[in-house]
Amino acid sequence: MELMILFGIFLFFSIGSISLLIITGIFILVKSIINKMINTLLLAISFFSVAFGFIGNLFFNLGELGGPLQEYFIFIGFITFVIFINTTFYKKQMKIGWVILIIVVVLGINQIVMHHLFLDVAIKRGFPYFLRVSLDFPYIFIVFNWLTYSCFKAYKQLKKHDIQAWIKARYVLLAISSFILSFHNIPEFFQPKDILWVRPSNPLSLLLFGITTSLMMFYAIIVSLSWFMPRSLKRFFNRNYSRDLEEDFTEEELMKQFKIQFEGC
Amino acid sequence: MEVIRFLGDMLEKLIAISPPAARGLLKLSIKDELGSFTNLNKVNYNDFLKVLNNSFKNRLIKLNIPSYDKIVNELIYELTRNQSLFTMSGI
């Protein structure tokens with residue numbers, strides 16, 4: 001009975017995190033269209049793709065096909081996510097961005113192929129399973145920590161500048177949430193033999209499912225708050241921030257200022 | 001507007017002018033390049049590159065500011081390093 005209650009809670013985390021990703025994706029999609037921003041459009045596609053992959057696998061009982069199908073959606077989601085990072089942080093300095101993108105494409109294709117090849121070994125936990133899971137780790141780790149690194153680097157460069165505190169907080173929140181989610185495939189290493197993923201009858205399997213869904217829920221909440229930041233939260237982050245009133249100079253006023261500045265008259 | 005604040009900060013350090021004057025110079029350069037009715041919140045990275053390379057540089061030349069090329073290059077370098085500000089402040 002207790003296991004079923006726990007399973008219900010973890011399932012709620014799973015559904016909740018997917019719903020949050022879709023809602024955040026819709027919000028970003030609308031903002032992207034209004035502001036004509038292609039990079040954030042890619043981020044919205046990434047959220048939709050990952051969410052649909054999970055929905056397909058978890059709720060439509062696709063059996064053996066569920067895993068590979070989810071992997072296709074995750075592949076699209078991860079690729080668009082990396083392109084979003086590259087076009088947001090590395091325009092005109094794309095060398096490292098291309099390297100990361102190529103690595104992610106290779107690791108992603110590898111995951112799809114392995115999911116197709118090893119359909120029948122899903123519960124045996126033999127070498128092919130651990131090979132697939134071991135290669136899944138760098139795939140997820142690189143994708144999410146590419147954002148962690150980019151956000152953290154940008155935050156370090158911007159933190160001393162006169163920029164609203166909620167924008168700086170957005171960098172930090174995105175960096176932390178991505179870093180934590182980058183470890184979310186580790187529970188797969190400990191999945192007991194002969195038991196399929198997400199089986200409430202087995203305590204260890206349930207615990208691993210719980211860890212994964214809790215990480216997803218944490219990620220989804222922080223990411224949603226970061227992008228869909230309500231005014232009250234912006235005010236909270238800006239509580240110690242004040243800025244001088246914006247003056248609009250006319251051409252003449254500005255030239256006068258410069259004259260005083262440079263000629264001392 | 002956050003990008004203008006950021007570049008204003010950088011410009012203040014480069015030519016020792018007050019931050020409001022630095023921002024004013026940037027805003028006038030944007031209007032020169034992109035038109036008087038340009039929404040400053042909608043100016044993107046590529047627009048800014050154009051502004052810095054053209055109208056902003058011309059204004060520095062007119063103001064007899066020495067090493068204007070170095071200043072423009074420095075601002076472009078910082079803008080490129082911190083281009084994510086357009087997205088992070090724009091959503």
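**Figure 1. Helix α5 of chain A, from end to end.** Helix α5 of chain A covers residues 127-158, 32 residues in total. Its first and last C-alpha atoms are 46 Å apart, close to the 46 Å expected at 1.5 Å a residue. The expected span of a helix is taken as 1.5 Å times one less than its number of residues. Helices (H or I, at least four residues) and strands (E, at least two) are DSSP runs, numbered from the N terminus. A kink of about 25° in α5(A) is centred on A:N145. The bend at a residue is the angle between axes fitted to the seven residues ending there and the seven starting there. The model is predicted: local features need pLDDT of at least 70, side-chain atom pairs count only at pLDDT 80 or more, and totals for chains, interfaces and linings use all residues. Residues are numbered from 1 along each chain as its sequence is written, chains are lettered from A and ligands numbered from 1 in the order in which they are written, and side-chain values use heavy atoms, with hydrogens and water left out.

**Figure 2. Chain A and its helix α1.** Chain A contains 9 helices and 0 strands. The C-alpha trace of chain A spans about 85 × 40 × 30 Å along its principal axes. The 34 residues of α1(A) should span 50 Å at 1.5 Å a residue, and the end C-alpha atoms of this helix are 49 Å apart, which agrees. Just after α1(A), A:K36 has a positive phi of about 55°.

**Figure 3. The interface between chain A and chain B.** In chain A, 43 residues are in contact (heavy atoms within 4.5 Å) with 37 residues of chain B. The two chains bury about 3500 Å² between them, and 57% of this is on carbon and sulfur atoms. Buried area is the accessible area (1.4 Å probe) that two parts lose on being put together, summed over both. Between chain A and chain B, 15 residue pairs are in polar contact, both residues being at pLDDT 80 or more. The elements of chain A that give two or more residues to this side include α1 (2-35), α2 (38-59) and α9 (251-263). The largest share, 7 residues, comes from α9(A). By class, the side of chain A that touches chain B has 21 nonpolar, 11 polar and 11 charged residues. A polar contact is a pair of N or O atoms within 3.5 Å; within protein, one must be able to donate a hydrogen and the other to accept it, and residues adjacent in sequence count only if both atoms are side-chain atoms. Ala, Val, Leu, Ile, Met, Phe, Trp, Tyr, Cys and Pro count as nonpolar, Asp, Glu, Lys and Arg as charged, and the others, Gly among them, as polar.

**Figure 4. The salt bridge between A:D162 and B:R5.** The closest N and O atoms of A:D162 and B:R5 are 2.4 Å apart. A:D162 lies in the loop between α5 and α6 of chain A and B:R5 in helix α1 (residues 2-15) of chain B, so the pair joins two chains. A salt bridge is a side-chain nitrogen of Lys or Arg within 4 Å of a carboxyl oxygen of Asp or Glu.
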